[in-house]
Amino acid sequence: MPHLKNWDNKTWISSKKYIDSFIKFLIKNKKLNRDSSILDIGCGRGKILGKIKTKVKLKNKPIGIDPVSHKDKDKNIIFKKIDTFKFLINNKRKFDLIIIKQTIHFFPLKDIPRLIKYCKNALNDDGKLMIFSINEKRTQIPTFPKMEKRLIQSLKKDLDIKKKILRNNKNIKIKIFNFKVKINRSSYLDMIKQKYISVLLDFKKEELNKGMNEINFNYPKILSFIDSLNCLIINKVK
């Protein structure tokens, strides 16, 4: 499967307002201080991690792992281009916070229990694992018909993953992160063209062009919607 390269590249997710709001959510649900150690699985360009480093004034750089090494990745993180399981198996560090943000659906369903187990083993005693995925009950992302069909399929997998995690782990808290998006339709069309979301990865150029025309016809010049994410918060305790 091709890698997702543009989810955090010139999108609302890479905006200062979004990053500040997301970090506020993290800190509200997991207290962080300058001694905190953080791991982000699927960190992209690491802009969220980098901002945490400066905001919390972390003594040590947070670690981000991703299959794609971008030239413009944040310099305030330790970036590792490495397989997630290889990293977790060989890792000797303990983390106060592990983040998996909208990437868990890239893992086969059968590997989810193992992934959670390794993440929990890598936490400090009071550490937390936070897993984010699109809120299937409140998704408002602008789509065209074929994109919507793929999104529904993806959300079904996210829901299956969530059920599996809830079934196999105790004392999980579920929180919702909401962000109000306001974006020019033309900017959003550029995001579609760049395949900013995984459901677009295997779309051909002709399919994208057709979908962009449909969005251009069916949506207003200014798009306003809620980007809503589920967050499963898992403690170290088994």
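This is a predicted model: local features need pLDDT of at least 70, side-chain atom pairs count only at pLDDT 80 or more; totals for chains, interfaces and linings use all residues.

Trainee: OK, zooming out. How many helices and strands does the protein have?

Mentor: Seven helices and seven strands. Starting at the N terminus, the order of elements is α-β-α-β-β-α-β-α-β-α-β-α-α-β. The radius of gyration is 18 Å, close to the 18 Å from the globule rule for 238 residues, so the protein is as compact as a globular protein of that length.

Trainee: What box do the C-alpha atoms fill?

Mentor: Roughly 55 × 35 × 30 Å, taken along the principal axes.

Trainee: What share of the residues is buried?

Mentor: Buried residues are 52% of the 238.

Trainee: What about contacts between residues at least 6 apart in sequence: what share joins residues at least 24 apart?

Mentor: 79% of them.

Trainee: Charges next. How many positive and negative side chains are there?

Mentor: 57 positive and 22 negative, with the centres of the two sets 4 Å apart.

Trainee: And how many salt bridges does a search of the whole structure find?

Mentor: Nine. One of them pairs Lys51 with Asp20, at 2.4 Å from N to O. Lys51 is in helix 2 and Asp20 in helix 1, so that pair ties together parts 31 residues apart in sequence.

Trainee: How accessible are Lys51 and Asp20?

Mentor: Lys51 is partly exposed, with a relative accessible area of 25%. Asp20 also counts as partly exposed, at 25% relative accessibility.

Trainee: Where does Glu136 sit, and what does its pair with Lys162 tie together?

Mentor: The side chains of Glu136 and Lys162 meet in a salt bridge at 3.2 Å, N to O. Glu136 lies in the loop between strand 5 (123-134) and helix 5 (145-168), and Lys162 is in helix 5 itself, so the pair ties together parts 26 residues apart in sequence. Glu136 counts as partly exposed at 22% relative accessibility, while Lys162 is buried at 15%.

Trainee: Which residues do salt bridges with shared partners join into one network?

Mentor: Lys16, Asp20 and Lys51.

Trainee: Back to helix 2, then. Which of its residues are buried?

Mentor: Helix 2 covers residues 47-56, and its buried ones are Ile48, Leu49, Gly50, Ile52, Lys53 and Val56.

Trainee: Where is Lys57, and is it buried or exposed?

Mentor: Lys57 is in the loop between helix 2 and strand 2. With a relative accessible area of 62%, Lys57 is exposed.

Trainee: What phi does Lys195 have?

Mentor: A positive one of about 55 degrees, although Lys195 is not a glycine. Lys195 is found in the loop between helix 6 and helix 7, and at 22% relative accessibility Lys195 counts as partly exposed.

Trainee: Last one: where does Asp202 lie?

Mentor: In the loop between helix 6 (185-193) and helix 7 (205-218). Asp202 is exposed, with a relative accessible area of 51%.

Trainee: Which residues is Asp202 in contact with, leaving aside neighbours within four places in sequence?

Mentor: Arg150 and Glu207.

Conventions: Residues are numbered from 1 along each chain as its sequence is written. Side-chain values use heavy atoms; hydrogens and water are left out. Buried means under 20% relative accessible area, exposed over 50%, partly exposed in between (1.4 Å probe, protein chains only). Helices (H or I, at least four residues) and strands (E, at least two) are DSSP runs, numbered from the N terminus. The radius of gyration is taken over C-alpha atoms; the globule rule is 2.2 Å times the number of residues to the power 0.38. Contact means heavy atoms within 4.5 Å. Lys and Arg count as positive and Asp and Glu as negative; His and the chain ends are not counted. The place of a charge is taken as NZ of Lys, CZ of Arg, CG of Asp or CD of Glu. A salt bridge is a side-chain nitrogen of Lys or Arg within 4 Å of a carboxyl oxygen of Asp or Glu.
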